[in-house]
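Please look through the structure shown below, and then work through the questions and answers that follow it.

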Amino acid sequence: MKKVLSIVLAGLMLSTVALASESYNKDEKYAPGTVIIIESSDFPGDCDYLNTDNYSLRSVSYEAGKSYVDSVELAEDDDDDELVVTLKKDSSMDRYKDVEFTVRLRGRRSSIDDAEQTFRFQVGNEVHEVYIEEDGYIDGDALKPGAINKFVPGDKNWPYGTLEFSPNGDVDISVKVFEDEEIYYNVDEDTNKTVLKNNIDSNCDISFINFNGMEFERQATVYFYWPDEDGYIYEISSSGKLTQAPVKWSDDSDCWVLKTSELGAFALSDGRLKASSSASSSESQEESSSSSSYQPGDYVPNPSTGASNVGAAMAAVGLVVLASLGALSLKNKK
């Protein structure tokens, strides 16, 4: 298992990872969930730096694809030069869809002219074919991360098989699949800052794995080889709350086993963790959601942008790191 030091230091990069982005290119294809950075050079004429000091976002009007866009925002930091377009996450999109919208900006000073530009691109997931070989053999290493993996018969025209793959060194998955079935494969080990903060005083070795809503047509068997029988495996809600995962210890396999058709985010620990920031040790899961009053296409005088919050998020995680180094144990991977 990774040392907690590595996990905590990885938290320093979490904000950057979460805001992983691509620069806008006309007629480009982007995956759902991508953060697209548009700079002033993409606007016509002499456009000032794109931030809330210079402009207000007057309107965003759509010709196509509004339902695939989560937000369009201006950078708040006067040192930034970004219009930030965040696409909605959707692991089921196996076709590319057109997105076209026009952004109208209002200059905040008489010396700054209003600006307007239309942007076009496509959004969708890449579909990667994985072959079912003779006797149902499927090469788990043939799965492509960040893509929809579609299972197709190989030379022997075998229609089904058993997929076995290892998303990381501590987890194996086995599931039966048939031809034309699809699995979106996008697994990361990003640190969950909320869980880490809630357990800052815990002397536990903690690791994270997020399957990002990986779904199967039928029940899969998931093997967790860490922690050992005295450890704990938790599911993490979107708000960072923990509930004990419905896993069972297998003496035959010497690991925790989970039967499920959908996988989200998990925290693995060699000790009990707090379910939330409260003093209660209850393991009940409380789902919460937050929503913005802003909808793409609405007028937003002073919109906020996740891009400008990177510094604050990094600083917050930095404080967590300093505290964690004195609180969490550094236990080598088994």
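Q: Which residues form a negative surface patch?
A: This is a predicted model, in which local features need pLDDT of at least 70 and side-chain atom pairs count only at pLDDT 80 or more, while totals for chains, interfaces and linings use all residues. Residues are numbered from 1 along each chain as its sequence is written, and side-chain values use heavy atoms, leaving out hydrogens and water. A patch is made of residues with over 30% relative accessible area and no salt bridge, like charges being joined within 9 Å, and Asp and Glu count as negative. The negative patch here is formed by Asp53, Glu76, Asp77, Asp78 and Asp79.

Q: Is Glu76 buried or exposed, or does it fall in between?
A: Buried means under 20% relative accessible area, exposed means over 50%, and partly exposed lies in between, with a 1.4 Å probe and protein chains only. Glu76 sits in the loop between strand S5 (69–74) and strand S6 (83–87), where strands are DSSP runs of E with at least two residues, numbered from the N terminus. Because its relative accessibility is 33%, Glu76 counts as partly exposed.

Q: What is the relative accessible area of Val257?
A: Val257 belongs to strand S19, which covers residues 255–269. Leaving aside neighbours within four places in sequence, Val257 is in contact (heavy atoms within 4.5 Å) with residues including Thr221, Tyr223 and Val247. Val257 is counted as buried because its relative accessible area is 16%.

Q: How many residues does the protein have?
A: The protein holds four helices and 19 strands, helices being DSSP runs of H or I with at least four residues. Buried residues make up 44% of the total, which is 334 residues.

How values were computed:
Patch = residues over 30% accessible without salt bridge, like charges linked within 9 Å, V, L, I, M, F, W, Y side chains within 5 Å. Areas by Shrake-Rupley, 256 points an atom, 1.4 Å probe, with all protein chains shown as cover. Salt bridge = Lys/Arg side-chain N within 4 Å of Asp/Glu carboxyl O. Charge placed at Lys NZ, Arg CZ, Asp CG, Glu CD.
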